[in-house]
Amino acid sequence: MGQLIKGIHHFSMKCTTGQLERVMEFYHELLGLPIARRWEDGLMLDTGSGLIEIFTNGDGASAKGTIRHVALATDDVDRCAAVVREAGYSVFIQPKDIVIPSNPPLSARIAFCVGPIGEEIEFFQEKPHV
C-alpha cells in the first residue's frame, strides 16, 4: 500500500462571531491571505500551500487542544514580525536564525506571535544549510 496522505488541506480554528472581524483583519488584511471561500458560519483563507478554516458557529468559549502552534511559510520573517508588531500584536520570539539538529540539519529563520484569538503563529523561513 502506498502513501495515503498527499499533504495538509487545511487547519481549522474556532472564533466567536464577535472575534471574526479581528481574525479577518489579521489574516486577510495584515498578512494578505486571500479568501478562498465563504459560507454562513465560516470561511477559508488560502496560504498558498494549504487553507486556514475559520468558523464561528456559536459564541461559546473555544477550548484549547493539543496543537502547540501553526507555522506559516514566508520569505521574510523579519517583515512578518514587524507588520504584526506594528499592528499591536505580541511577538514573543523575535526573529532569529536556528538550526534544527536533524539528519539532514534544517536551517531556518523564525519568529513567533500571538494571533487575534490567542493562537500561536510561527513565521518560518527555511534556509539552505551551510
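1. Buried means under 20% relative accessible area, exposed means over 50%, and partly exposed covers what lies in between, with a 1.4 Å probe and protein chains only. Keep in mind that this is a predicted model, where local features need pLDDT of at least 70 and side-chain atom pairs count only at pLDDT 80 or more, while totals for chains, interfaces and linings use all residues. Residues are numbered from 1 along each chain as its sequence is written, and side-chain values use heavy atoms, with hydrogens and water left out.

2. On to the core. A nonpolar core here is a set of buried Ala, Val, Leu, Ile, Met, Phe, Trp, Tyr and Cys residues joined through side-chain atoms within 4.5 Å. The largest one has 24 residues, and the members touching the most others are Tyr-27, Ile-52, Ile-54 and Phe-123. At least two core residues come from each of helices H1 (20–30) and H2 (77–86) and strands E3 (42–46), E4 (51–55), E5 (70–73), E7 (106–114) and E8 (120–127). H1 gives the largest share, 5 residues. For the labels, helices (H or I, at least four residues) and strands (E, at least two) are DSSP runs numbered from the N terminus. As background, nonpolar side chains tend to be buried together in soluble globular proteins.

3. E4 deserves a look. Of its 5 residues, 4 are buried, so E4 is largely enclosed by the rest of the structure. Two strands count as paired if DSSP finds at least two bridges between them. Strand E1 (residues 10–14) runs parallel to E4, with 5 bridges joining them, and Met-13 stands opposite Ile-54 of E4. E3 pairs with E4 in the antiparallel sense, over 5 bridges; there, Leu-45 has Ile-52 in E4 as its bridge partner. The E3 and E4 hairpin has 4 residues between the strands, and Gly-48 takes a positive phi near 100°.

4. What does Ile-54 touch, leaving out residues up to four places away in sequence? With contact meaning heavy atoms within 4.5 Å, the list is Met-13, Cys-15, Leu-20, Val-23, Tyr-27, Asp-41, Gly-42 and Leu-43.

5. Now the charged pairs. A salt bridge here needs a side-chain nitrogen of Lys or Arg within 4 Å of a carboxyl oxygen of Asp or Glu, and that rule gives 3 of them. Asp-78 and Arg-109 meet at 2.7 Å, N to O. Since Asp-78 sits in helix H2 and Arg-109 in strand E7, this pair ties together parts 31 residues apart in sequence. Asp-78 is partly exposed at 35% relative accessibility, whereas Arg-109 is buried at 18%.

6. Arg-109 also bridges to Asp-97 at 3.2 Å, N to O. Asp-97 lies in strand E6 (residues 91–100) and Arg-109 in E7, so parts 12 residues apart in sequence are tied together. Asp-97 comes out partly exposed, at 47% relative accessibility.

7. Asp-97 has another partner in Lys-127, with the closest N and O atoms 3.1 Å apart. Lys-127 is in strand E8 and Asp-97 in E6, so this pair ties parts that are 30 residues apart in sequence. Lys-127 is partly exposed at 33% relative accessibility. Through shared partners, the salt bridges join Asp-78, Asp-97, Arg-109 and Lys-127 into one network.
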